[in-house]
Amino acid sequence: MKVGVIMGGVSSEREVSLMTGKEIVGKLDSNKYEVIPIELTKREELIDRVRGIDFALLALHGVFGEDGTVQGVLETMGIPYSGSGVLSSSLCMDKNLTKRLLQTEGIATPDGAYLDRRMFADGSWESKAAGLTYPLFVKPNAGGSSIGVQRVDRPELLGSALEEAFRWGESVLVESMVSGQEITCPILDGELLPVLGIRAANGAEWFDYEAKYSDGGAEEKPITLPPDVAARVREAALACYRLLQCRVYARVDMILKDGVPYVLEVNTLPGMTANSLLPRSAAAAGIPYSELLDRIIELSLAERGESSFTPQHSAHIK
């Protein structure tokens, strides 16, 4: 089976995507797959670069990759791909839409305000953000890896934080900070993997880009929760997975405050670098990295209706 590992892309998370892609390429079993690295530098390359592959293993992050656009192209070409479909990818990439859907289902999430570039230009953002409690987090509405995210402790600093966030996209989400234990809930095939507790190292106030991708930047390990809290966390994580129509695998990030899980976001293409959370959680469940990739491929083929795809190969996939 020719497995194309698609990485790079055109988003602000290009470098993270390259790290994910190279890690995947190095861990795929060459006895099972013909591994084809596909590094994209512009959108127009995608169609020509994926011709002839049997399966697309997506290592993309951010816009044009995690937002359903690449998935739509692959579906049009009849190429099965990893993870969630077009609708789920698009919904989860839009933090504001995710938040609104969670709120309709009674799933706790931080208070927030959605701002677009027009609101920033005419100053109407001030009234939109007026009801929020400081400290605030300002983040691009369709971004990840904490790129462009800033913590704001005082109202007079909000304008400059918004200006920075708008460098990375056309819309921004401003959220009141929820203080508590940061956790992440990886899900594989609709089942919750070990929940990881996250604590930034070196006195960092929050889990920023450096903490996420630097060796020793954060302490990330399985966490034991009281049974009632663990049940609430599990219920919230799986409710998000089902509500947003995630498939194969995903990661739900939360803050635990007074035993209540507040959902921050849902990732349909979680990072797969050496320091990433999903592989750490899978390892804690006894699933080595290479086996995790096998299961993602197998489950994705079944999701796309391709479980008998190239049967001479599928017998080798555990």
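Before I start: contact here means heavy atoms within 4.5 Å. I also remind myself that this is a predicted model.

I looked up Leu28 and skipped its neighbours within four places in sequence; it is in contact with Val3, Val5, Tyr33, Val35, Leu57, Leu293 and Ile297. Leu28 also turns up, with Ile6, Ile24 and Leu57, among the residues with the most contacts inside the largest nonpolar core, which has 41 residues. I checked which elements give two or more residues to this core, and they include β1 (2-8), α1 (14-27), β2 (34-40) and α12 (289-303). Helix α12 gives the largest share, 7 residues. I then found a second, separate core of 24 residues, with Ile187, Leu244, Ala250 and Met254 among them.

I picked Asp294 and Lys32, whose side chains meet at 2.6 Å, N to O. Asp294 sits in helix α12 and Lys32 in the loop between α1 and β2, so this pair ties together parts 262 residues apart in sequence. Buried means under 20% relative accessible area. Asp294 has 4%, so I noted it as buried, and Lys32 is buried too, at 14%.

Which residues are linked to Lys99 in a network of salt bridges? I found Lys139 and Glu175. Glu175 meets Lys99 at 2.7 Å and Lys139 at 3.0 Å. Glu175 is in strand β7 and Lys99 in helix α5, so that pair joins parts 76 residues apart. Lys139 lies in strand β5, 36 residues from Glu175. Glu175 is buried at 3%, and Lys139 is buried at 12%. Lys99 is buried as well.

How values were computed
Residues numbered from 1 in each chain as written. Predicted model: local features only at pLDDT ≥ 70, side-chain atom pairs only at ≥ 80, totals over all residues. Heavy atoms only, no water. Core = buried A, V, L, I, M, F, W, Y, C linked by side-chain atoms within 4.5 Å. Buried < 20%, exposed > 50% of the residue type's maximum accessible area, 1.4 Å probe, protein only. Helix = DSSP H or I, 4+ residues; strand = E, 2+ residues; numbered from the N terminus. Salt bridge = Lys/Arg side-chain N within 4 Å of Asp/Glu carboxyl O.
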